[in-house]
Amino acid sequence: MTQISVPPSLISLRCFVAAARSGNFTRAAAELNLTQSAVSRQVAKLEEVLGARLFTRSGPYLQLTERGRAYSASIAPPLAAIVAATERFRSGLDAGVISLATLPSFGMRWLAPRLALLTREHPELVVNLFARSDEFDFSGEVHDAAIHFGLPDWPGTRCDRLFGERCLPVAARSFMDDHHGSVAEVMAEVPLLTLANRPDAWTRWMSGAGIAVGSRKPPARYEHFAMLAQAAAAGVGVALIPDYLIADELADGRLVAIFPHALDSEGAYYLVYPEEKLEKSAFRKFRRWLLDEADRQRDDSD
């Protein structure tokens, strides 16, 4: 028996499955838009690679051998899935649907409120948002792109910088009315709130503001900025939050900046995506719109 060193070709497998289903090379050829002789040759090549007969032939009719029947039953479902996925890929190259994995607070507070602008500019586009905070391998995901915070170091992607981040120390106005004294005195006694994955943010802010850290209990940690903003507005404590995420709260007074010094983060927000996504016209339109919106965000922050 011939030793199989490489997988059979996809066209040989498709010809075999079509012939097994129809019991006839001619009907299989019509299904695949090939000639009868081409289908016959492909099946013969597959039998040669496998080292076994797949059919017995009786005139124009085909009868699966026992091994051929088992092989067909095993490969037909995954082969159909491959063909279907390929067709979806081909038809989706210019489809108007974009799948975006986004940091939860960024998606909820900054991106989602702006999607109405995208719809007015590009009514043919549909953006599906999925909350993701982790880096992932795009080859195993359905997402076209992701929003990343940090450095432009996501493996296997292009990274388009959107904008940086400026964090303010904020609290509820009523909360600060109950705490008096210098900023250093107030900061020494009030509960501090921070993002869970930035445990040193307050230490860096105090160092930049010239305030001695001293000995105090560690800040309470929250997983998302949206949760952090809600807690601060409810009077739980003082939080370090990017100003762009709490523009509404600052405007209506639910939150107030208790000190003018801000913490400029070392990282920035990036749109990350595999290079080949630029082949998709819908993604190119979305990318251009998002970069323009980011430009306006930077202008508003200057």
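**Note on the predicted model**

1. Setting aside residues up to four places off in sequence, Ile147 is in contact with Leu100, Ala101, Thr102, Leu103, Phe106, Leu162, Tyr269, Tyr270, Leu271 and Leu290. The model is a predicted one. Ile147 sits in strand β5. Its relative accessibility is 3%, and because buried means under 20%, Ile147 counts as buried. Tyr71 lies 76 residues from Ile147 along the chain, and the C-alpha atoms of the two are 44 Å apart.

2. Leu162 is among the contacts of Ile147. Beyond the residues up to four places away in sequence, Leu162 touches Phe106, Ile147, Tyr269, Tyr270, Leu271, Leu290, Leu291, Ala294 and Arg298. A second, separate core holds 21 residues, including Leu13, Val17, Leu32 and Val39.

3. Which residues touch the most other members of the largest nonpolar core? They are Phe106, Leu162 and Phe286, in a core of 42 residues. The element that gives the most to this core is helix α12 (residues 281–301), with 7 residues. As a general point, nonpolar side chains in soluble globular proteins tend to be buried together.

4. Next comes the sheet. Five strands make an open sheet with mixed pairing, in the order β4-β3-β5-β13-β6. The edges are β4 (126–131) and β6 (158–163); each has a single partner strand, so one side of each has no neighbour in the sheet. On average, neighbouring strands here are turned by 25° against each other, direction ignored.

5. Helix α5 (residues 104–111) lies across β3 (97–102), β4, β5 (145–150), β6 and β13, and runs at about 120° to β3. Helix α5 also packs with helix α10 (residues 225–233): the axes are 8 Å apart and the angle is about 70°. Angles of 65 to 115 degrees count as roughly perpendicular, so α5 and α10 are described that way. On the α5 side, Ser105, Met108 and Arg109 meet Phe225, Ala226, Ala229 and Gln230 of α10.

6. How are α1 and α3 placed against each other? The axes of helix α1 (residues 10–22) and α3 come within 8 Å and cross at roughly 110°. The two helices are therefore roughly perpendicular to each other. Ile11, Ser12, Leu13, Cys15 and Phe16 of α1 make the contact with Val39, Gln42, Val43, Lys45 and Leu46 of α3.

7. Helix α1 has 13 residues, which at 1.5 Å a residue should span 18 Å; the end C-alpha atoms are 18 Å apart, so the two values agree. Buried residues in α1 are Ser12, Leu13, Cys15, Phe16, Val17, Ala18, Ala19, Ala20 and Ser22. Gly23 follows α1 and has a positive phi, near 70°.

8. The same check works for helix α3 (residues 36–50): its 15 residues should span 21 Å at 1.5 Å a residue, and its end C-alpha atoms are 21 Å apart, which agrees. Ala38, Val39, Gln42, Val43, Leu46, Glu47 and Leu50 of α3 are buried. An α-helix has 3.6 residues a turn, so residues three or four places apart point the same way.

9. Strand β1 (residues 55–58) pairs with β2 in the antiparallel sense over 4 bridges. The two form a hairpin with 2 residues between them, and Gly59 in the turn has a positive phi of about 65°. Arg57 has Leu62 in β2 as its bridge partner. Which residues of strand β2 (residues 61–64) lie on its covered face, and which on its uncovered one? Leu62 and Leu64 are on the covered face, Tyr61 and Gln63 on the uncovered one. In a regular strand, side chains alternate between the two faces of the sheet.

10. A last point concerns a loop. Asp243 lies between β10 (238–242) and α11 (247–252). Is Asp243 buried or exposed? Its relative accessible area is 18%, and since buried means under 20%, Asp243 is buried. Apart from neighbours within four places in sequence, Asp243 is in contact with Arg166, Leu168 and Leu250.

Conventions: Residues numbered from 1 in each chain as written. Predicted model: local features only at pLDDT ≥ 70, side-chain atom pairs only at ≥ 80, totals over all residues. Heavy atoms only, no water. Core = buried A, V, L, I, M, F, W, Y, C linked by side-chain atoms within 4.5 Å. Buried < 20%, exposed > 50% of the residue type's maximum accessible area, 1.4 Å probe, protein only. Contact = heavy atoms within 4.5 Å. Expected span 1.5 Å × (residues − 1). Pairing = 2+ DSSP bridges. Axes fitted to C-alpha atoms, helices over the stretch in contact; angles between N-to-C directions. Parallel < 35°, antiparallel > 145°, perpendicular 65-115°, else oblique.
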